[in-house]
Amino acid sequence: MSELIAWQDGSFTRTDEVRVSAQTHSLSYATSVYEGIRSYGGSVFKLAEHLRRLRRSADLFGHAVGHSDEELAAVCHRLLELNGLTDAYLKILVYYDDADVSFMGRGCASRTAVFALPFPSHGPGRRVRLATAEWRRPPAACHPYQAKTSSTYALSYLSYRNKPADADDVLFLSTEDRVCESSGSNVFFVAGDVVVTPTTELALDGITRRTVIDELLPGRTVQERDVHYAELADFDGAFLCGTAIEIAEVEAVDGIRFPGSPLVAEIVHAYGKLVRSS
Ligand SMILES: Cc1ncc(COP(=O)(O)O)c(C=O)c1O
């Protein structure tokens, strides 16, 4: 039984007492949007950016979030206090209730829940092996990549579930063999001094991705462009980045091993410093 405290539509409650009807619209029709946020030493990292993206995602799905950013920020901080957490993962979930069992969602109201759980940093030195995902990412006209929405994660789940046993995560490709992202993080590649990352056409506009580009690579050339699977063998190194995974060096994709780049270790180090100083 969980002793953790969560928040649902204005009230703090035990996490295991948060109730959602089985007829919840978002459960059947993947209309929830959410944010996964980290705190380090009790300080919530990039909270304003996460709240901004939550609003964007909510707007795309027509959610009327009945709480201001200030209120949600205060809830995040209060949950850390109530749960005695410093290094934590906070999830803000916005979903439609059970007013309509059809996909049309007529009369459904938007609900909000916030959870906090202990989540220590992985720390430096984490290396992952990727395998091409069994499922391809649909073209941009077929999926709302601009939103952080539950519908994205059906393919993450299906592909992760069927990944080879020696892979830590999957790498999604487009239907034309362009690299997109992993199941839950963005991907970067390094060739010499040049850093390359796929555009966000078929990937989430990650807050960590933006942090890496804007704050951790001063004076470096960062190319945001299409990256084809056939190019992977030309790169020296690669890394994944995201709130949950932080920065993790990629050792290999399928049978393609990256020799390694000192730049990756630099970025891991710089990110570790940044999250602790913000
Ligand atoms: C599919 C996907 N891509 C990328 C990311 C990285 O996004 P962020 O850096 O905002 O956590 C996430 C994590 O939320 C994700 O789920």
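**Strand pairing and the ligand shell**

Modeller: Welcome! In this predicted model, Gln 8 sits opposite Ser 11 of β2.

Biologist: Nice start. What makes β1 and β2 a pair?

Modeller: Two strands count as paired when at least two bridges link them. Four bridges join β1 (residues 5–8) to β2, so the pair qualifies. The two strands run antiparallel, and Trp 7 has Phe 12 in β2 as its bridge partner.

Biologist: And what lies between β1 and β2 in the hairpin?

Modeller: Two residues separate the strands, and Asp 9 in the turn has a positive phi of about 45°.

Biologist: How do you know that β1 and β6 pair too?

Modeller: The threshold is at least two bridges, and β1 and β6 have two, so they pair, in the antiparallel sense. Gln 8 stands opposite Ala 113 in β6.

Biologist: Why are β2 and β4 called edge strands?

Modeller: The open sheet has six strands, ordered β2-β1-β6-β5-β3-β4, with antiparallel pairing. β2 (11–14) and β4 (43–44) each pair on one side only.

Biologist: Which strands does helix α3 lie across?

Modeller: Helix α3 (residues 69–83) lies across β1, β2, β3, β4, β5 and β6 (110–118), at about 35° to β6. Helix α2 (residues 47–60) lies across β3 (33–40), β4 and β5 (88–96), and runs at about 175° to β3.

Biologist: Which residues come nearest to the ligand?

Modeller: Gly 206, Ile 207, Thr 208, Gly 242 and Thr 243, of the 14 around it. Helix α5 (residues 207–216) gives the largest share of the shell, three residues.

Terms used:
Residues numbered from 1 in each chain as written. Predicted model: local features only at pLDDT ≥ 70, side-chain atom pairs only at ≥ 80, totals over all residues. Near = placed C-beta within 6 Å. Contact = placed C-beta atoms within 7 Å. Axes fitted to C-alpha atoms, helices over the stretch in contact; angles between N-to-C directions.
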